[in-house]
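Grab a pencil and work through these exercises with the model open beside you. Try each task before you read its solution.

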Amino acid sequence: MATIVYGGARFAPLPDETLLDCLLRNEVAAPHSCKSGVCQSCMMRVRKGQVPVASQKGLRDTLRAQGYFLACMCVPEEDLSVSDVDAQGMRVHAQIAAIESLNARVVRVRVRTESTIEHRAGQFVNFVREDGLVRSYSIASVPELDEMLDFHVLHMREGSMSGWLHSSGALGATIQLQGPSGNCFYVPGTPEQPLLLAGTGTGLAPLYGIIRDALHQGHAGPIYLFHGSIEPDSLYLVEELRRLAEENSNTSYHPCVLRGEQAGVVTEPLDAYVFKVLPSLKGFKVYLCGHPDFVKLMQRKTFLAGAGLADIYADAFVTAAAPQTV
């Protein structure tokens with residue numbers, strides 16, 4: 001049976017148990033958040049042994065070459081000696097400069113960094129609070145257009161990070177940002193290609209960044225933005241997005257809710273509404289963000305509607321089950 005050496009101690013994982021779960025079972029406060037290989041906050045470095053290929057999926061080539069891997073995706077196949085990553089060079093210090101209400105449960109958090117983070121609108125970063133709490137948020141700002149990084153934060157029930165970010169105590173606080181990660185962002189090169197952007201809830205955050213980035217870079221093909229929520233009051237940035245569509249003839253904005261009525265807002269499941277407007281997606285580039293169930297459903301349906309697999313980009317929002325710390 002494989003063993004794990006970490007922090008000067010030796011641990012024995014159970015059959016099919018990940019390295020992260022093994023450490024947590026032994027009451028080791030290893031850094032983590034989503035536990036699904038998305039946020040990359042559980043990244044570690046192997047010092048001895050070979051980690052499974054699956055534990056390095058999604059990491060940059062340079063990180064893989066240095067032995068970095070994701071503990072939540074690592075089921076050890078041999079003895080391993082591992083360590084935490086060196087935070088230097090992987091995290092930057094930042095300050096929460098502004099918090100603005102977008103609706104009753106969503107705020108826009110603006111963050112000023114001490115040094116530049118190379119990123120694209122639509123990627124995500126990890127917020128690392130001083131007490132070690134880690135959560136992932138998508139970037140809604142555009143590097144060439146915005147002075148600071150913008151994030152849309154939904155107040156989750158019993159959410160340790162989101163509750164704090166919705167409070168006055170967070171304003172002016174210092175945090176660290178780790179990242180960016182994710183490949184759900186606009187790539188220039190096919191300016192005439194039609195784009196479909198569809199998301200639920202704060203899945204609008206990366207889409208808002210992507211659509212502004214695309215327009216800034218001169219995208220000329222039609223752009224369709226669909227945003228879904230439960231009720232009209234849960235939508236946000238409605239007037240701003242309507243103005244964006246009015247100012248750009250190739251852009252259309254389609255707000256949608258499951259219940260309730262409001263002028264200019266369709267009451268219908270978002271997936272059904274998308275395909276009522278766009279029955280065929282042949283030749284489209286697709287961006288899907290928000291609730292994992294919605295993203296998974298739409299990945300399948302957009303493919304069946306004609307979009308190529310290589311042209312479907314997704315960012316499913318995974319919620320941490322409980323507060324986690326480093």
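**Exercise 1.** Is phenylalanine 226 buried or exposed?

*Solution.* First, the ground rules. You're looking at a predicted model, where local features need pLDDT of at least 70, side-chain atom pairs count only at pLDDT 80 or more, and totals for chains, interfaces and linings use all residues. Residues are numbered from 1 along each chain as its sequence is written, and side-chain values use heavy atoms, with hydrogens and water left out.

Next, the cut-offs: buried means under 20% relative accessible area, exposed means over 50%, and partly exposed is in between (1.4 Å probe, protein chains only). Phenylalanine 226 has a relative accessible area of 0%, so this residue is buried.

**Exercise 2.** Work out how phenylalanine 226 and tyrosine 273 are arranged as an aromatic pair.

*Solution.* Start with the idea: a pair of aromatic rings is described by the distance of the centres and the angle of the planes. Rings of Phe, Tyr and Trp (its six-membered ring) pair if their centres lie within 6.5 Å; planes under 30 degrees apart are stacked, over 60 edge-to-face, and the rest tilted.

A search of the whole structure turns up 5 aromatic pairs. In one of them, phenylalanine 226 and tyrosine 273 sit 5.5 Å centre to centre with 80 degrees between the planes, which is edge-to-face.

Now place the partners. Helices (H or I, at least four residues) and strands (E, at least two) are DSSP runs, numbered from the N terminus. Phenylalanine 226 belongs to strand β13 (residues 223-229) and tyrosine 273 to helix α6 (residues 270-277), so the pair ties together parts 47 residues apart in sequence. Tyrosine 273 counts as buried too, at 11% relative accessibility.

**Exercise 3.** Decide what kind of pair tyrosine 287 and tyrosine 313 make.

*Solution.* Their ring centres are 5.4 Å apart and their planes are at 20 degrees, so this pair is stacked. Tyrosine 287 is in strand β16 (residues 285-290) and tyrosine 313 in strand β17 (residues 312-316), so the pair links parts 26 residues apart in sequence. For burial, tyrosine 287 has a relative accessible area of 0% and is buried; tyrosine 313, at 18%, counts as buried as well.

**Exercise 4.** Find the residue that lies over the face of tryptophan 164.

*Solution.* The rule is that a charge sits over a ring if NZ of Lys or CZ of Arg is within 6 Å of the ring centre and within 35 degrees of the ring normal.
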